[in-house]
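Please view the sequence and the structure before reading on.

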Amino acid sequence: QSWPAYEEVYNKMLELAAFLDLPRFPDITDSCFLHPDMLCMKYLMEANLPDELHNWTCRVVKKICIGEVDFLTLMPGNKSTRKVKYDVLAVAVIVVVLKLLFLLDDHYEWLLSDFAEERNKNNKEGGPYFEFKKWYKVIKCSLDVEQKKLDEERAKYLWRCEKPLFYSAQKKSKVLKRRQIVVNLQNQFGKLSGSVRPAEKPNPSSFQLSWSEENTDGSCFHGHSLKGILQEKCGLLTAMNPDYWLCTVKLCTEKLCGHLAHYREVDFPQSYHFVLRLFSFLLRIQPSYIHDEVCVIEHKLFNKKLCKKPKYNIGLRK
């Protein structure tokens, strides 16, 4: 009577696929929903981030070659290839892009937000600049509400199947009658307590958070511009910020300690932790799983620079 952990389900899936000796799965191309470019678009929409960020996620995916068919397609039983966690990979790419553009060091992103706020006040022409501070407030409010709602649903969850189980035709009528009595009692107590029970189950949706540009309160950031933090260099748009801090300088051995990197909230900026918390809520996983994938992507992006010995101690800042 508990929800299984993400890693547990993932590992059981791989074990079952290898045990059944399944052949290579269908190729995952750029038109498939499991491709990082498609999933990044989906999670950017759900996280209420600007549409322009999708160009940056596609650039990162292409740069580190994680959009290749051979990398993405599952080959059961092949221990030489790294097994891809598609949703975790996509949100990790988004986190890396946010670090590239906003740094997420509890300082630079707020400076950019102040600049964007001043620009939006003084200049009403064109689309508004993206304000990280305003986005943070909107998302935090929605996230707290949804988290409270989820906690209440889990606390009230009844660990029983919707359809009653019966093992013989003789017991069927007795079981159905007992179940109907229970449902009637629950409905009566619900009316007495004032709690309104839903008439029917809502239709399932892959989006937990939805944002509409038609809202007049300005809570949707999809159409906001990134002009305030980008500059054109050699015909390409680059980040005005030249710095980047690594989550970890050296990756751990996953077989020895179970993780590629170690995550403790106190060791990292609060902005970075908030972004991890948002996506961990959407995926129902621990933030450490996303942090591991972020570290892997960072090492693929900056591998050549990491291999060179620096002339001075730069710590975690590049």
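The model is predicted, so local features need pLDDT of at least 70 and side-chain atom pairs count only at pLDDT 80 or more, while totals for chains, interfaces and linings use all residues. Residues are numbered from 1 along each chain as its sequence is written, and side-chain values use heavy atoms, leaving out hydrogens and water.

**Overall fold**
- The protein chain has 12 helices and two strands, taken as DSSP runs (helices H or I, at least four residues; strands E, at least two) numbered from the N terminus.
- From the N terminus, the order is α-α-α-α-α-α-α-α-β-β-α-α-α-α.
- Of the 318 residues, 38% count as buried (under 20% relative accessible area, 1.4 Å probe, protein chains only).

**Helix α5**
- Helix α5 covers residues 86–102, and 16 of its 17 residues are buried.
- Just after α5, leucine 103 takes a positive phi of about 70°.

**Helices α6 and α7**
- Helix α6 (residues 108–122) packs against helix α7 (residues 132–155) at about 105°, with the axes 7 Å apart.
- This angle makes α6 roughly perpendicular to α7 (65 to 115 degrees).
- Glu109, Trp110, Ser113 and Asp114 of α6 make the contact with Phe132, Lys133, Lys134 and Tyr136 of α7 (heavy atoms within 4.5 Å).

Technical notes: Buried means under 20% relative accessible area, exposed over 50%, partly exposed in between (1.4 Å probe, protein chains only). Axes are lines fitted to C-alpha atoms, for helices over the stretch in contact, and angles run from 0 to 180 degrees between N-to-C directions. Angles under 35 degrees count as roughly parallel, over 145 as roughly antiparallel, 65 to 115 as roughly perpendicular and the rest as oblique. The expected span of a helix is 1.5 Å times one less than its number of residues.
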